[in-house]
Amino acid sequence: MTNAVIIGGGIAGAVAAVALHKAGIGSTVYEAYPRLADDVGAFLTLGVNGMNALTAVDLDGPVAAVGEPARRLKVFDADGVKVGDGPLTGADGHDLVPRTYLRAALYRVLLDEAERRGVRVERGRRLVDATATNTEVRAVFAEGSHADGDLLIGADGVWSVTRGLLDRHAPAPRYTGQHIVYGFSAAAPVVVPADTYWMIRGGRAFFGVIGGPRGGLWWFARVPAPELAGAELAAMTTERWRERLLAVLGGDRGPAADIAAATTERIVGHNDYDLASVPTWQRGRMTIAGDAAHAASPSAGQGASMAIEDSVVLAKCLRDVPDVPRALATYETLRRPRVERLVEAAAALSSRQSESRTRGQGDSDWIRDHHIDWDAPVEPA
Ligand SMILES: Cc1cc2nc3c(=O)[nH]c(=O)nc-3n(C[C@H](O)[C@H](O)[C@H](O)COP(=O)(O)OP(=O)(O)OC[C@H]3O[C@@H](n4cnc5c(N)ncnc54)[C@H](O)[C@@H]3O)c2cc1C
């Protein structure tokens, strides 16, 4: 039986393990961190297409159980005037809806499901090198151990080591010119329904909020600003993020500044990066998936959904195309056009600050209505 070495126990890695298992292919997941970070406040939304891809590998039920449906979107301008209102679900009446997840809860359920199906997950194993022959691969880890397999899938995120091992000239992630700041506020100065996103196109920042479980608010802001160096980022406390936010949100009407001011829980911020086109996705028996291969600005709210789609399609290719290098080439052919189009669309959305609809959730038909048929055979490229 084929055995895959999967690097990274995030979204792409865990879904790849489950999808390969369904395809009758064994795998082991090697995750750098010894335990899951409790990333307080961090949340993300899976679009209808992401939920649809989970359905292909029977993960939709367990995953949906830890998320909250997001059925509606209302858009406001900087004067607090409503400029858009509509459903987030597909127009064709299917019953999938986008769902919002605490990041840690989503990662946990995906890895738990992989383990429940018999996949081995090894934590505290950080890939530093890999070699491949015509018949096998060897992954080398930081503490000196190694693992062998028939192929290697680098699902190691936007700062992927695997990408650099495939091509030492691979591009580095590009700073998008914005900070992404997010928080959870148990105190709610306004009532936002639990299934409705409010998006506020502020004069100097974009703000999104949705009612969380038990009455609190999940919120995020995209703030144009110069990239913070590592030490500057490390020095950013909740208080400093809040000060910066209030400085840019304060001039707008509407609840954004009040929500940020009322948040006494931790506020977290990041530089935002994307990765538009990675020339080398696969070589021989090694490939990359998810953010390692293409990373979209969170403005599209699609990175996780695209990572899930990648992993399901990759497993189908390995199931149907007998030769591993050819299967990996087929996977690239099937996935590259869609994900590169998405990264471009997300970058345009992010730079406009004037989006009329949503932080993703598949607001364009070509994103939302993508369906992966698990049983349809893959033709080799
Ligand atoms: C603020 C923010 C908000 C976002 N909001 C959304 C949203 O609403 N909707 C959406 O769809 N997407 C969103 N995204 C994007 C989404 O989080 C990513 O696209 C998604 O997590 C990609 O999954 P992945 O598995 O490829 O990478 P990751 O989730 O980053 O997982 C990579 C894993 O690999 C491990 N790893 C890294 N290096 C190594 C190594 N050398 N050896 C072993 N393991 C390693 C990491 O520890 C990690 O567990 C958001 C991103 C950010 C930053």
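Let's start at the ligand, with T45: a polar backbone atom of T45 sits 2.8 Å from a nitrogen atom of the ligand. Before I go on, please keep in mind that this is a predicted model. How much of the ligand does the protein bury? On its own the ligand would expose 1,000 Å², and 88% of that is buried by the protein.

So where does the shell come from? Several elements give two or more residues to it, and they are α1 (11–22), β2 (26–31), β3 (43–46), α4 (103–116), β13 (174–185) and α9. There are 33 residues around the ligand, and the ones that come nearest are A12, E31, T45, Y107 and D291.

With E31, it's the side chain, where an N or O atom is 2.6 Å from a ligand oxygen.

Is α9 mostly covered or mostly open? Mostly covered, with 15 of the 18 residues buried. As a reminder for reading any helix on the screen, an α-helix has 3.6 residues a turn, so residues three or four places apart point the same way.

Zooming out for a moment. The chain is divided into two domains: domain 1 takes 3–38 + 60–68 + 102–173 + 275–368, while domain 2 is 174–274. Taken over C-alpha atoms, their centres are 28 Å apart.

Okay, a few individual residues that I marked.

D58 first. You'll find D58 in the loop between α2 (48–56) and α3 (60–64). The backbone there has a positive phi of about 60°, and D58 is not a glycine. Its relative accessibility is 41%, so D58 counts as partly exposed.

Next, T100, over in strand β7, residues 99–102. Is T100 buried or exposed? T100 counts as buried, because its relative accessibility is 1% and the cut-off for buried is under 20%. Its side chain has a partner too: there's a polar contact with the side chain of Y197, at 3.5 Å.

Then D77, in strand β5, residues 72–77. At 22% relative accessible area, D77 is partly exposed. What I'd like you to find on the screen is F206: D77 and F206 are 129 residues apart along the chain, yet their C-alpha atoms are separated by 9.7 Å.

Last one, R368, which lies in helix α11, residues 365–368. R368 comes out as buried, with a relative accessible area of 11%. Which side chains does R368 contact? One is D365, through a polar contact of 2.9 Å between the two side chains. Another is D369, where the side-chain polar contact is 2.8 Å.

Key
Residues numbered from 1 in each chain as written. Predicted model: local features only at pLDDT ≥ 70, side-chain atom pairs only at ≥ 80, totals over all residues. Heavy atoms only, no water. Domains from an automatic or database assignment. Buried < 20%, exposed > 50% of the residue type's maximum accessible area, 1.4 Å probe, protein only. Helix = DSSP H or I, 4+ residues; strand = E, 2+ residues; numbered from the N terminus. Near = heavy atom within 4 Å. Polar contact = N/O pair within 3.5 Å; in protein donor to acceptor, adjacent residues only side chain to side chain. Areas by Shrake-Rupley, 256 points an atom, 1.4 Å probe, with all protein chains shown as cover.
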